[in-house]
Amino acid sequence: MMRIVKPRVLVVDDEPGVRKALQRGLRAENMDVVTAADGPTGLQLARTGSFDVVLLDIMLPGLSGYRVLERLRAENVTTPVLLVSAKDGEIDQADGLDLGADGYLVKPFSFVVLVAQVRAVLRRAGPDASRGALKLGALEVDRALRQVRWDGQEVPLSPREFGLLEVLVGRSGTVVTKDELLRAVWGEEQAVTRNLVEVYVGYVRRKLDAVGAGSILRTVRGHGYLASDDQLDEVR
């Protein structure tokens, strides 16, 4: 059985100090944090569906937080979004909530309150929130149906192969170590070694290769494995 992994949070803010502080603080709260400094990068990362919650500043270069949120909801990305802004007007907050935000925080805010808001959003979303589809370019991992499709074509995977790909695509753009894959996919099975991870990565890679998706899964020598594509490479 797969273990529950850390909540994955995307922080989109153009202020380096804010990004650094939130990354450090949320990691201390046992959360996996990815940051972005502008609207287009935040949109590209968020539309993968691989985050449990997005902290989205409104005033962003390239694309405002409002427009990022609007596009996510138009693309049926249901990841909970907490808007963060120095604007404290009722109309600003109402506009954000009307666009599909799950909450609104006014700067400057208490970090304790922010963490409480994030945890409340995660609780409201419930366990089914992590069952939405993951998307990486033309690759779609349907966690509810446990199916994988590349450009609409189904990729047949065994349950264990699906579990491995789900973890990697669920952390798109982030290197996942062999030990992390062992814990997430095989749990407490005592006989499992890192070599078995290599074997299953090979199985999955060959099946992706067969439909033209082999470049999605990469080996990062000495570190682990990475799921990414050209567009995600650019924003990383």
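In this predicted model, arginine 73 is partly exposed, with a relative accessible area of 22%. Its side chain meets that of aspartate 102 in a salt bridge, at 3.2 Å from N to O. The two partners come from distant parts of the chain, 29 residues apart: arginine 73 sits in helix H3 (residues 65-74), and aspartate 102 in the loop between helix H4 (90-98) and strand S5 (103-106). Aspartate 102 also counts as partly exposed, at 33% relative accessibility.

This pair is one of 15 salt bridges found in a search of the whole structure. Another joins glutamate 29 to arginine 119, with the closest N and O atoms 3.1 Å apart. Here the link spans 90 residues, from the loop between helix H1 (16-28) and strand S2 (32-36) to helix H5 (residues 111-125). Glutamate 29 is partly exposed at 31% relative accessibility, and arginine 119 is partly exposed at 30%.

Lysine 207 is partly exposed, at 31%, whereas glutamate 161 is buried, at 5%. A network of salt bridges links Arg8, Asp32, Arg171 and Glu180.

Turning to the annotated site, an unreviewed UniProt entry marks Asp57 as "modified residue: 4-aspartylphosphate". Aspartate 57 lies in strand S3 (residues 53-57) and is buried, with a relative accessible area of 4%. Beyond its neighbours within four places in sequence, aspartate 57 contacts Val12, Asp13, Asp14, Gly65, Val84, Ser85 and Lys107.

Terms used:
Residues numbered from 1 in each chain as written. Predicted model: local features only at pLDDT ≥ 70, side-chain atom pairs only at ≥ 80, totals over all residues. Heavy atoms only, no water. UniProt positions renumbered as here; feature names shortened; annotations may be inferred. Helix = DSSP H or I, 4+ residues; strand = E, 2+ residues; numbered from the N terminus. Buried < 20%, exposed > 50% of the residue type's maximum accessible area, 1.4 Å probe, protein only. Contact = heavy atoms within 4.5 Å. Salt bridge = Lys/Arg side-chain N within 4 Å of Asp/Glu carboxyl O.
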